[in-house]
Amino acid sequence: MNFQERALRFRCEHEWLYGIMSVPQQPAARGVLIVVGGPQYRVGSHRQFVLLARYLAKRGISVMRFDCRGMGDSDGDIRTFEHVGEDLRSATDFFFGECSFLEDVVIWGLCDAASAALFYAHQDRRVSGLVLLNPWVRTEQGIAKAYLKHYYLQRLFEPEFWKKLLGGKFNLLVSIRSLYELGRNSLQGGKKSAVSEDSASTSCDLTAPLPERMLDGLKRFRGKILIITSGNDLTAREFLDLANSSADWQEAMKTRQTEVFHIESANHTFSTREWRDQVAEQTANRVLSW
């Protein structure tokens, strides 16, 4: 299917935001808004967001991707994922204003952009679905447990680890100290989240741990949700450990009929063509069927 791409800019409060829109000749009534997280802009790692948008547009899905304030070409001060709610609302307003055929949108986000999407989605009835990749639920306790369970324990079964140890190329003292710190952190209450202390311009209660705020967003959202996770990624492992060990998370995901699609060999950004194509296909199939 043919599609057109064009550059765009729109206002968020007093600043200009810049992005790209991909619109097919025969567009569906549901579009996709790609939210960019972390130190990224609208192109994404290894052109991930460009390729995703073009794949979706070829499937008849209109896509908008943009730089949040302070990132890429957009104006303003840089801000964390907890403080981009106004950016998402302004982008959604512009998307609907430019594409009169739209009836609803699905928000797509990776890592802390997935967290930002979950914070925002329940506040906007135009958002009918979420595609969340390796959601960021980072706490000191959570990442410590993930390291112990999925990194250090796994290394004990790797021949290369024992070769380094027996060959004197492995600093045992440093590793013991690291294990001690991780073990101590994993036994703490986990009340401290690895998030910004800046509490301005957010609808979230920043006094609560990040996993609790994520769970609250999940419970409040009434649309469809697809979660895509990587097997070779500690951020994904931390999320899966949380979801699998928490009765509240399991109940909320069951109630919301949340789907989880796992790619065992994939890394955090799904950097190979095979992984990227799986993500794109899963996204398109859900957007067109929800």
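Where does Gln-257 lie? Gln-257 is in the loop between helix 9 and strand 8, and we come back to that loop in one of the views below. Please keep in mind throughout that this is a predicted model.

**Figure 1. The protein chain as a whole has 10 helices and eight strands.** Start here to get your bearings before moving to the close-ups. Of the 290 residues in the protein chain, 52% are buried. Take the contacts with a separation of 6 or more: 72% of them join residues 24 or more positions apart. The chain exposes about 14,300 Å², and 49% of that area is supplied by carbon and sulfur atoms.

**Figure 2. Helix 1 (residues 48-58) crosses helix 10 (residues 273-289) at roughly 45°.** The two axes come within 10 Å, and the angle makes helix 1 oblique to helix 10. The crossing is right-handed. To find the contact, look on helix 1 for Leu-51, Leu-52, Tyr-55 and Leu-56; their partners on helix 10 are Arg-276, Ala-280, Glu-281, Thr-283 and Ala-284. Sorted by class, the residues of this contact are six nonpolar, one polar and two charged.

**Figure 3. Positive phi values turn up on either side of helix 1, at Arg-47 and at Gly-60.** Arg-47 sits in the loop between strand 3 and helix 1. Its phi is near 55°, a positive value in a residue other than glycine. Why is that worth a second look? Most residues other than glycine have a negative phi. Is Arg-47 buried, partly exposed or exposed? With a relative accessibility of 41%, Arg-47 counts as partly exposed. Just after helix 1, Gly-60 has a positive phi of about 90°.

**Figure 4. Helix 3 (112-121) and helix 7 (residues 210-220) meet in a left-handed crossing.** Their axes come within 8 Å and cross at roughly 50°, which means that helix 3 is oblique to helix 7. On the helix 3 side, the residues to look for are Ser-115, Leu-118 and Phe-119. They meet Leu-210, Arg-213, Met-214, Gly-217 and Leu-218 of helix 7. This contact contains five nonpolar, two polar and one charged residues.

**Figure 5. Helix 7 packs its buried residues against helices and a strand.** Which residues of helix 7 are buried? They are Leu-210, Pro-211, Arg-213, Met-214, Leu-215, Gly-217 and Leu-218. Around them you will find helix 3, strand 7 (224-230), helix 8 (234-245) and helix 9.

**Figure 6. Helix 8 and helix 9 cross at roughly 90°.** The axes come within 5 Å of each other, and the two helices are therefore roughly perpendicular. Helix 8 brings Phe-239, Leu-242, Ala-243, Asn-244 and Ser-245 to the contact, while helix 9 brings Ala-247, Trp-249, Gln-250 and Met-253. By class, there are six nonpolar and three polar residues here, and no charged ones.

**Figure 7. Arg-256 and Gln-257 lie in the loop between helix 9 and strand 8.** This is the loop from the opening question, with helix 9 spanning 247-255 and strand 8 spanning 259-263. Is Arg-256 buried or exposed? Arg-256 is buried, because its relative accessible area is 16% and the cut-off for buried is under 20%. Apart from its neighbours within four places in sequence, Arg-256 contacts Leu-218, Lys-219, Phe-221, Arg-222 and Gly-223. The C-alpha atoms of Arg-256 and Ile-225 are 7.5 Å apart in space, although 31 residues separate the pair in sequence. Gln-257, by contrast, is exposed, with a relative accessible area of 55%. Gln-257 also has a positive phi of about 55° although it is not a glycine.

Key. Residues numbered from 1 in each chain as written. Predicted model: local features only at pLDDT ≥ 70, side-chain atom pairs only at ≥ 80, totals over all residues. Heavy atoms only, no water. Axes fitted to C-alpha atoms, helices over the stretch in contact; angles between N-to-C directions. Helix = DSSP H or I, 4+ residues; strand = E, 2+ residues; numbered from the N terminus. Parallel < 35°, antiparallel > 145°, perpendicular 65-115°, else oblique. Left-handed = near helix turned anticlockwise from the far one by under 90°. Contact = heavy atoms within 4.5 Å. Nonpolar A, V, L, I, M, F, W, Y, C, P; charged D, E, K, R; others polar. Buried < 20%, exposed > 50% of the residue type's maximum accessible area, 1.4 Å probe, protein only. Areas by Shrake-Rupley, 256 points an atom, 1.4 Å probe, with all protein chains shown as cover.
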